[in-house]
Each structure stands twice: as structure tokens, then as C-alpha cells.
Amino acid sequence: KGINYEIEIPHVRCYPQNYAPMLKNYNDYFKEKKISIMVDIGGGTTDVMILEHVRNRITGSSEPVVKNKNSFNVGVIHLLNQIKRELSVVGIDAREEIILEAIQGGSFSHKNYEYIQNVCETITEKFVRELIAMLRENGYDLSYPVFFIGGGYQLLKGYIDRDKSILMSGSFDALENARAFRWLLETEL
């Protein structure tokens with residue numbers, strides 16, 4: 001808009017998604033658990049890791065070790081695009097805000113409200129089932145304590161929480177990665 005800005009960035013660090021929140025919240029949530037699984041559902045990816053406390057054979061103490069850290073090309077953007085494609089087949093140009101509202105069971109005004117609601121719920125249920133199945137197929141036993149993080153989880157919470165085979169142990173909101181990155185940077189500096 002015709003305004004020039006000069007920005008100085010004094011420090012740059014790169015931290016993996018969901019690892020920083022685990023470190024920041026380690027004493028409160030993870031220290032006493034033998035095994036914990038962190039699942040960060042984002043826009044384009046789902047990042048997952050296992051935190052396991054392994055006994056050190058030399059010292060005899062238990063040490064935290066990150067295992068099976070993966071980033072899968074599955075995220076909320078893929079879900080929204082799939083829903084938009086399905087609705088466009090019948091000529092409905094549903095805005096993202098409408099789709100997000102429908103996924104969460106909210107109300108919105110549209111002549112085809114019931115159809116949009118049904119399509120959003122059906123595709124989201126299938127998406128969540130496939131996401132959970134993919135995690136299990138890749139070695140994540142969700143009957144250990146699972147911690148979800150991110151806006152993707154907040155959006156899909158109602159669907160994920162229906163799966164009683166998952167040992168839900170906690171969740172963190174969409175800003176937890178950012179707060180943890182800041183905490184980690186301040187701790188490091």
C-alpha cells in the first residue's frame with residue numbers, strides 16, 4: 001500500500017513441528033509417561049512422533065528418546081479441497097468459512113444447507129478414519145497416551161474423539177507451536 005518497511009531479524013532458528021511443544025510441556029505432561037505420541041494436524045501435513053523413555057544401560061536412569069518421527073502429506077487443506085470438489089460437482093460454490101462451519105456442526109445460511117452439511121460431515125468422517133488408519137499402519141499404536149496439537153485437531157476434534165480406541169491424554173491449541181518456538185528460542189539464547 002505504498003509504505004516501505006525495514007525489518008531486522010536478529011536470530012533465526014528452525015525447529016520441528018510438535019517437538020518444541022513436547023519440550024515446553026515436558027514436565028507437565030510427558031515426563032511421567034513411558035510412551036507418548038504427539039500428533040500435529042496442520043494445513044498441509046500431519047506431523048507425528050513417539051516420545052519413549054528408555055532406560056540407559058550404563059546409568060540406569062530413564063532418558064527420553066524421540067522415535068518414529070514422520071511428516072505425512074495429509075492435512076486440513078486436503079480435506080477442504082476434497083469437500084469443495086464434491087460440492088462443485090452439483091454447482092455449489094461453498095466458501096471455506098461455510099465448509100469449516102459445517103464440519104463443526106455450526107449453522108450457516110444457504111439454500112442447500114442440509115446437503116452441504118451432509119457432504120461435509122460424510123467426507124470429514126471418512127478423512128478422519130483414513131488418517132487414524134494411516135497412523136496405525138505406520139506404527140503408531142494410539143492406545144498409548146496421545147496428545148493432539150494444532151488447529152487441524154481443533155477443527156476435527158468432534159470426529160477424532162468419537163474413536164474410543166485412542167487414549168486421549170491431552171491437546172494443545174493452534175498457537176502452541178508458535179508459543180513453544182518462542183520459548184525454545186528464548187531458552188536457547
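What follows is a working chat about a predicted model of one protein chain.

Student: What elements does the protein chain have, helices and strands?
Tutor: In this predicted model, the protein chain has seven helices and five strands, and read from the N terminus the elements come in the order α-α-β-β-β-α-α-α-β-α-β-α.

Student: And what box do the C-alpha atoms fill?
Tutor: Taken along the principal axes, the C-alpha atoms fill a box of roughly 65 × 55 × 25 Å.

Student: How many of the 189 residues are buried, as a percentage?
Tutor: Buried residues account for 39% of the 189 residues in the chain. As for the accessible surface, it comes to about 11,400 Å², and carbon and sulfur atoms hold 50% of that area.

Student: What about contacts, how many join residues at least 24 apart?
Tutor: If you take the contacts between residues at least 6 apart in sequence, 57% of them join residues that are at least 24 apart. As a separate example of a pair set apart in sequence, Gln 82 and Phe 127 are 45 residues apart along the chain, while their C-alpha atoms are 9.6 Å apart in space.

Student: Where does Gln 82 lie, and is it buried, partly exposed or exposed?
Tutor: Gln 82 lies in helix 3, and with a relative accessibility of 29% it counts as partly exposed.

Student: Switching to the surface, which residues make the nonpolar patch?
Tutor: That patch, of about 660 Å², is made by Ile 3, Tyr 5, Ile 7, Ile 9 and Val 12. Of these, Ile 9 is placed in the segment before helix 1, which covers residues 19-24.

Student: Why does Ile 9 count as exposed?
Tutor: Ile 9 counts as exposed because its relative accessible area is 63%, and the cut-off for exposed is over 50%.

Student: Now charges: how many positive and negative side chains are there?
Tutor: The chain carries 22 positive and 25 negative side chains, and the centres of those two sets lie 3 Å apart.

Student: How many salt bridges does a search of the whole structure find?
Tutor: The search finds twelve salt bridges. One of them joins the side chains of Lys 84 and Glu 96, with an N to O distance of 3.9 Å. That pair links distant parts of the chain, since Lys 84 is in helix 3 (residues 76-89) and Glu 96 is in helix 4 (residues 96-103), twelve residues apart.

Student: Are those two side chains buried, partly exposed or exposed?
Tutor: Lys 84 counts as partly exposed at 31% relative accessibility, and Glu 96 also counts as partly exposed, at 36%.

Student: What does Arg 95 form a salt bridge with?
Tutor: Arg 95 forms a salt bridge with Asp 93, and their closest N and O atoms are 2.5 Å apart. Asp 93 is exposed, with a relative accessible area of 57%.

Student: And which residue does Arg 182 pair with?
Tutor: Arg 182 forms a salt bridge with Glu 186, where the closest N and O atoms are 3.0 Å apart. Both residues lie in helix 7 (residues 176-188), and they are four residues apart, about one turn of the helix. Arg 182 is exposed, its relative accessible area being 59%.

Student: Last one, which residues are linked in a network of salt bridges?
Tutor: The network of salt bridges links Lys 24, Asp 173, Glu 176 and Arg 179.

Conventions
Residues are numbered from 1 along each chain as its sequence is written. This is a predicted model: local features need pLDDT of at least 70, side-chain atom pairs count only at pLDDT 80 or more; totals for chains, interfaces and linings use all residues. Side-chain values use heavy atoms; hydrogens and water are left out. Helices (H or I, at least four residues) and strands (E, at least two) are DSSP runs, numbered from the N terminus. Buried means under 20% relative accessible area, exposed over 50%, partly exposed in between (1.4 Å probe, protein chains only). Contact means heavy atoms within 4.5 Å. Accessible areas come from the Shrake-Rupley method with a 1.4 Å probe; for residues, only the protein chains shown count as cover. Lys and Arg count as positive and Asp and Glu as negative; His and the chain ends are not counted. The place of a charge is taken as NZ of Lys, CZ of Arg, CG of Asp or CD of Glu. Patches are made of residues with over 30% relative accessible area and no salt bridge: like charges are joined within 9 Å, nonpolar side chains (Val, Leu, Ile, Met, Phe, Trp, Tyr) within 5 Å. A salt bridge is a side-chain nitrogen of Lys or Arg within 4 Å of a carboxyl oxygen of Asp or Glu.
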